[in-house]
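Hi,

Here is the structure I promised to pass on to you. Have a look at it first, and then read my notes below.

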Amino acid sequence: MMQCSQAATRRAAATMLLNARRAKHYKVLTVGGGAGGLAVSSTLSNKLGKGAVGIIEPSSVHYYQPSWTMVGGGVHQFKDSMRDQASVMPRNADWIQDYAVAFKPEENKVVTQNGDEFTYDFLVVAAGFQLDWDKIKGLKDALGKDGVTSNYSPKSCEKSWEFMQAFKGGNAIFTQPDCPIKCAGAPQKIMYLFEDYITRQGLRDKTNVTFMQGLPAIFGIKKYADVLTNICKDRDIDVQVNSVLKEIKPETKEAVFQQGDKTTTVNYDYIHVTPYMSAPDFIKKSSLANAAGFVDVDQYTMQHVKYPNIFSLGDCSSVPTSKTAAAVASESGVVKQNLLAALEGKPLPAKYDGYASCPLVTGRGKLVLAEFSGFTGQPLETFFFDQGKERWSMYSMKKDLIPRMYWDQLITGLWNGPTNVRFLTNPLGWQQFSA
Ligand SMILES: Cc1cc2nc3c(=O)[nH]c(=O)nc-3n(C[C@H](O)[C@H](O)[C@H](O)COP(=O)(O)OP(=O)(O)OC[C@H]3O[C@@H](n4cnc5c(N)ncnc54)[C@H](O)[C@@H]3O)c2cc1C
C-alpha cells in the first residue's frame, strides 16, 4: 500500500515535470543548434542568464561540416569533424532534444515532435538545409557503393577518399545541382583534391576529369570564376555548365544529365555527387517561409519581414548570399546586436553586408581564398594581398586554423566575422575591386 502511494507520488511528480516542460517560456528560443544557432545562443545565454534561452536541437552529435571536404580528400580524419552535442551546448541555455515541427507565430509558440509547445519573447530560426537525396533518381541506393560518393553526408564523405585510393583510371565526374547549396565551392574542391591525388599516383594520363555544373557559371563571383576557369584549363579539366544530374544507374555505371533540351548519358568510374538541398519541410510549410521556402527575413537586419520578434540566419534564411559557416559568423553578429536591442525596445543598430567566404582548395597545399559580398557580387577580402592567387598559407589556414576557430570562437559566440579586423589586415581595401 505504502509502495503504491510512493509510486503514485512519483508518477504525479513526473507528470507535473512534463507539464512544466510543456509550459516552458523562454526569453529567446532557438530552433537549431548548428553553427548559427549556437553562435547566437552562446552569447545571448551568457548575457541573459541561466534558463532564459532554450535551444531545440534533435541531434546528439555536432558536426564541423566544412571538414568533410578535407575528409573526402584524405587530409582530415572524420572523427575530428564531430563532437557530442552536449559538449558544445552553451552552459546557461536549456537543450530541448527534439525536432521542431511547427511554428505558431501568432501565439509565439513552437511545437516539437513530442507534442511539447514552447513559447518565447523572441525566436531565432537556424535549422540549416535539408538534403533532398531523392531528387536524383537512383542516388540514394547507389551512394557509398562502387565509386558513387558525396562529401555532403557524414555517412559517405570517407568513401570519397576510399574510392579515390582504389581508382585505377577512367572517367571521374563531379556534379553540382542547379539550386542554392551549402558552400558552392565544395563540389569543385573535392575535384581538385582528386585531380592532384591521381596526378601524384601517375594516373592522370588515363583519367578524364569532368565538372558537370548545373548552374550557368563555374562560380558565382567573377574574380574567382576567372581564376577557377584558368586552373581547369591548365589541368585539362572539362567544365560543362548548365548540366544537371538527373539519374544514377549503378548497374551500368552511367550518369544521366540534362543539358538544355538534350539528355546526355556518361559512363563513370568515380562520381562525386552534390545533392539537391532546400530549407527543411517544416519551415517550407510554415507562415515564416517565402515563396522559395526560406525564412523570410530582411537581408540587412535579419529580422522577419512579418513577425518582428523572429530572426533567422544561416542556410535556412532567405538572405541572398552564399550558404557558408563564414556567412553565419557575420550574420550571427548582426542577429545578436539587433536582438539584444529589440529586447530593450530599441531600434535595430546592425546591418549585414552580405559577407561570405569560400576557401577554394585547389589541390594539396593550394587554396584560393574567395571572400565577397553576396549582395554586391564584389570581393570583400580580409588580407592586403591578392586572394585570387593559389597560396599555401591560405591552405594551411583552412586545414589547421579555421577548424579551431569554428570550435573555439564561432559556436561559442566569440567570432562575428572579419568585418571588425579588416581595417587592420587590409586597410586600403586592396584587390577588392579588381574584378
Ligand atoms: C561538404 C561541406 C563543405 C562545406 N565547406 C564550407 C567551407 O569551406 N566554409 C564554410 O564557411 N562553410 C562550409 N560549409 C557550409 C557550412 O557547414 C554551413 O553553411 C553551416 O553549417 C550553416 O550553419 P546553419 O546553422 O545554418 O546550419 P547547420 O550548421 O547545418 O545547423 C542546422 C542545425 O539545425 C538542426 N535541425 C534540423 N532540423 C531541425 C528541426 N526540425 N528542429 C530543430 N533543429 C533542427 C540540425 O540538427 C543542425 O544541428 C560546408 C558544408 C558542407 C556540407
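In which loop is Lys253 found? Lys253 sits in the loop between β14 (243-249) and β15 (254-259); helices (H or I, at least four residues) and strands (E, at least two) are DSSP runs, numbered from the N terminus. The phi angle of Lys253 is near 55°, a positive value in a residue other than glycine. Asp146 also has a positive phi, near 50°, and is found in the loop between α5 (139-142) and β10 (148-149).

Before we go on, please note that this is a predicted model, where local features need pLDDT of at least 70 and side-chain atom pairs count only at pLDDT 80 or more, while totals for chains, interfaces and linings use all residues. Residues are numbered from 1 along each chain as its sequence is written, and side-chain values use heavy atoms, with hydrogens and water left out.

Now for the overall layout. The protein chain is divided into domain 1 (2-129 + 279-351) and domain 2 (131-277), with bounds from an automatic or database domain assignment. Their C-alpha centres lie 33 Å apart.

How do the two domains meet? In domain 1, 13 residues are in contact with 19 residues of domain 2 (contact means heavy atoms within 4.5 Å). About 1400 Å² is buried between the domains, and carbon and sulfur atoms give 66% of that; buried area is the accessible area (1.4 Å probe) that two parts lose on being put together, summed over both. On the domain 1 side, Trp68, Thr69 and Phe129 lose the most area to domain 2, together 39% of what that side buries.

Helix α3 (residues 67-72) supplies 4 residues, the largest share of the side of domain 1 that touches domain 2.

Finally, an unreviewed UniProt entry carries the annotation "domain: FAD/NAD(P)-binding" for residues 26-141 and 209-326; UniProt positions are given in the numbering used here, feature names are shortened, and annotations may be inferred rather than shown by experiment. Residues 26-141 are 23% helix and 34% strand, and residues 209-326 are 16% helix and 31% strand.

Happy exploring!
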